[in-house]
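Here's a quick tour of one protein structure, written for someone just getting started. Have a look at the structure first, then read on.

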Amino acid sequence: MKNGILNVLKPTGMSSHDIIGQIRRIYSMKKVGHAGTLDPLAAGVLPVYLGQATRLIEYGGNEIKTYHAEFLFGLATDTEDITGTVVAQGIIPDMDAAMLNTWLQERFVGDMEQRPSQYSAVNINGVKAYKLARQHQQFTLPNRRVTIFEIRLLQYHRGRGLISVTCSKGTYMRSLVRDIGESLGTCAVMSYLVRIKAGLFDIDDAVTLETLEKDPVRYILPSDMGIQQMTRINLPLEECQFLLQGRAVSFAGRNFEEGVPLRIYGPGEILVGIGCFNKEHHIIRPHKMFTGVL
């Protein structure tokens, strides 16, 4: 079984699930998953995990992301993107590019409460919100705390613009565009979206499905690429074997915080899995271990 990560360049028109289906076919394997869903309208970086690397998805989805989002002022749709049905129209703000850029940086940088789109992938009792919305069911999504680290206006002309946004996990670009429009006394809709970066994965290094078809093995990245931010420790062979057997091991070196996840390497710099530190007893308990690596 192949283990590792692919930095896939997702095209417009395919869902993230469609990409997984294609990767399963290319690599003839079922154990495939992705971090950070992209809507069919969106393109860009989609980290895809193969084999045992899928056990690391929960850690790789928390990274900072960068998007380029195109928007239109004076238009609102039910889906909050250009694919939806128009539900409102408004004015185009009387602002030039410099004024709008200043407005964005003054109003939309920092921590904020964001209301996700009804057509988002947020789970409601195990069902995706967009599925309920398409069934015309009534529901309310709670606000979520998100962080915008940077926002820049890249282009703007007559109500159509392009912004670059670096943000935390869980930030919805279509909701951000909606909020920008409302802050200016009008409405706005997202017309296109590209994810430029997701953690260490960059669009400049992303590969298409067509490229993977031609040389599948060449583009498999190490399984630990998505968890480089996690604290690393090296353990001797015997202790790694204990962890792989589900047994805790003593760790009297550095004093980590309770429950902190640790990426654990054995002899030969082999990643054997993820453990959690128990501060009271100074032990490491196995959490997500890789079988058959030693």
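The largest nonpolar core here has 29 residues, and the ones with the most contacts inside it are Leu100, Ile151, Ile163 and Ile180. A nonpolar core is a set of buried Ala, Val, Leu, Ile, Met, Phe, Trp, Tyr and Cys residues joined through side-chain atoms within 4.5 Å. Buried means under 20% relative accessible area, exposed means over 50%, and partly exposed is in between (1.4 Å probe, protein chains only).

Keep in mind that this is a predicted model: local features need pLDDT of at least 70, side-chain atom pairs count only at pLDDT 80 or more, and totals for chains, interfaces and linings use all residues. Residues are numbered from 1 along each chain as its sequence is written, and side-chain values use heavy atoms, with hydrogens and water left out.

**The cores**

- Back to the 29-residue core: the elements giving it two or more residues are E4, H3, E10, E11, H5 and E12. Those labels are DSSP runs numbered from the N terminus, with helices (H or I) having at least four residues and strands (E) at least two.
- E10 provides the largest share of this core, with five residues.
- There's also a second, separate core of 16 residues, and its members include Ile5, Val45, Leu56 and Tyr59.
- What does Leu100 touch, not counting residues up to four places away in sequence? Its contacts (heavy atoms within 4.5 Å) are Phe71, Phe73, Met95, Leu153, Tyr156 and Leu184.
- As a bit of background, nonpolar side chains in soluble globular proteins tend to be buried together.

**Helix H5**

- Helix H5 covers residues 173–183, and nine of its eleven residues are buried, so the rest of the structure largely encloses it.
- The buried ones are Met173, Arg174, Ser175, Leu176, Val177, Arg178, Asp179, Ile180 and Gly181.
- What do these buried residues pack against? The list is strand E4 (65–73), helix H3 (97–107), strand E7 (110–114), strand E10 (144–157), strand E11 (160–167) and strand E12 (188–198).
- Just after H5, Gly185 takes a positive phi of about 75 degrees.

**Aromatic rings**

- Rings of Phe, Tyr and Trp (its six-membered ring) pair if their centres lie within 6.5 Å; planes under 30 degrees apart count as stacked, over 60 as edge-to-face and the rest as tilted. By this rule, the count comes to six aromatic pairs.
- Phe71 and Phe73 make an edge-to-face pair, at 5.0 Å centre to centre with 65 degrees between the planes. Both Phe71 and Phe73 are buried, and together with Tyr156 they form one aromatic cluster.
- Phe251 and Phe277 have ring centres 6.5 Å apart and planes at 85 degrees, so this pair is edge-to-face. The pair links distant parts of the chain, 26 residues apart: Phe251 is in the loop between strand E15 (249–250) and strand E16 (261–266), while Phe277 is in strand E17 (residues 270–278).
- Phe251 is buried at 13% relative accessible area, and Phe277 is buried at 2%.
- The charged end of Arg107 sits over the ring of Trp103, 3.8 Å from its centre, and that of Arg247 sits over the ring of Phe242, 3.9 Å from its centre. "Over a ring" means NZ of Lys or CZ of Arg is within 6 Å of the ring centre and within 35 degrees of the ring normal.

**Cysteines**

- How many disulfides (pairs of cysteine sulfur atoms within 2.5 Å) turn up in the whole structure? The search finds zero.
- The sulfur of Cys240 is 16 Å from the closest cysteine sulfur, in Cys276, which is too far for a bond.
- Cys240 is buried at 0% relative accessible area, whereas Cys276 is partly exposed at 22%.

- Most residues other than glycine have a negative phi.
- Glu80 is not a glycine, yet it has a positive phi of about 65 degrees. Glu80 lies in the loop between strand E5 (75–77) and strand E6 (86–89), and it is buried at 14% relative accessibility.
- Glu269 has a positive phi too, near 60 degrees. Glu269 is in the loop between E16 and E17 and is partly exposed, at 49% relative accessible area.

Notes
Disulfide = S-S within 2.5 Å.
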